[in-house]
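Biologist: Let's go through the cavities of this model. Then we can turn to one residue.

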Amino acid sequence: MLSVIIPTLDAAARLPACLAALAPGAIDGLVKELVVVDGGSTDASCAIADDAGARVLTSAAGRGVQLIAGAAAARAPWLLFLHADTVLSEDWVDAARAHAVDPSRVGVFRLRFDDADPRARLVEAGARFRARTFGVPYGDQGLLIARPLYDALGGYRPWPLFEDVDIMERLCRAQGRKAIAVLPATALTGAERYRRDGYFRQAARNAARLIRYKAGADPAALARGYE
């Protein structure tokens, strides 16, 4: 029923936990295939994915390019796009199965950072507000979408940043914000960048980049600043 698509680039430290969380879906029969698209890792990412039974593809680096390649190779009627540092909660299988009765909507998971810092809870609250109010969830919340809807939207664009915002903008223009469903399961994602650069500083930088993107800035230029 589902093809899970994960882009990787030197993701060996976090990928095992991401893949382990998908195992209940494979046992349940929900996950029909796992497609890992690697952008040129120099660590053990590809070996880890291969050992987990994934179909490992290679492409140029860049999340949008990798997601496009994964979607092109996927064969199931539903696609679940997931970041390599995201770990889904145990109840994700039931949430995804319940969502899959409505192919006109896309599902995203509730964002949670792997950090007990109270500031992480504030950033999570901001992400929930942004997703519900403006229809702009980020890719670290996952994206569960029926293949016909993905194709009708034109899929991802080959952008290194804001490829997730772009596809959700096209969805909202076509069907409105009600086409986005926040599923009752959690996507636990890495908070390394926030811990390193500071929660409020990183949140402010992200907001500034989003504003620049909305104003027409080149996603490639924004990605260079992000990295």
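**Cavities and a helix residue**

Modeller: This is a predicted model. By class, the largest cavity is lined by 10 nonpolar, 3 polar and 3 charged residues.

Biologist: How many cavities of 30 Å³ or more does a search of the whole structure find?

Modeller: The largest cavity holds about 120 Å³ of space. With the cut-off at 30 Å³ or more, the search of the whole structure gives 2 cavities.

Biologist: Which element gives the most to the lining of the largest cavity?

Modeller: Among the 16 lining residues, G139, G142, L143, Y156 and D164 are the closest to the centre of the largest cavity. Two elements give two or more residues to this lining: α3 (63-73) and α7. The top contributor, with 4 residues, is α7.

Biologist: Which elements give two or more residues to the lining of the second largest cavity?

Modeller: The residues lining the second largest cavity are F109, R110, L111, R128, A131, R132, Q141 and V182. By class, they are 4 nonpolar, 1 polar and 3 charged. The elements giving two or more of them are β6 (106-113) and α5 (118-134).

Biologist: Now L171. Is L171 buried or exposed?

Modeller: L171 sits in helix α7, residues 163-175. Leaving aside neighbours within four places in sequence, L171 contacts V106, L149, L153, G176, A179 and I180. Its relative accessibility is 0%, and buried means under 20%, so L171 is buried.

Biologist: What distance separates the C-alpha atoms of L171 and R14?

Modeller: Along the chain, L171 and R14 are 157 residues apart. Their C-alpha atoms are separated by 30 Å.

Methods: Residues are numbered from 1 along each chain as its sequence is written. This is a predicted model: local features need pLDDT of at least 70, side-chain atom pairs count only at pLDDT 80 or more; totals for chains, interfaces and linings use all residues. Side-chain values use heavy atoms; hydrogens and water are left out. Buried means under 20% relative accessible area, exposed over 50%, partly exposed in between (1.4 Å probe, protein chains only). Contact means heavy atoms within 4.5 Å. On a 1 Å grid over the protein atoms alone, a cavity is a set of points where a 1.4 Å probe fits but cannot get out, and a pocket is an open set with protein on both sides within 12 Å along at least five of seven lines; lining residues have an atom within 4 Å of a point. Grid points are joined across faces, edges and corners, and a volume is the space filled by probe spheres set on the points. Ala, Val, Leu, Ile, Met, Phe, Trp, Tyr, Cys and Pro count as nonpolar, Asp, Glu, Lys and Arg as charged, and the others, Gly among them, as polar.
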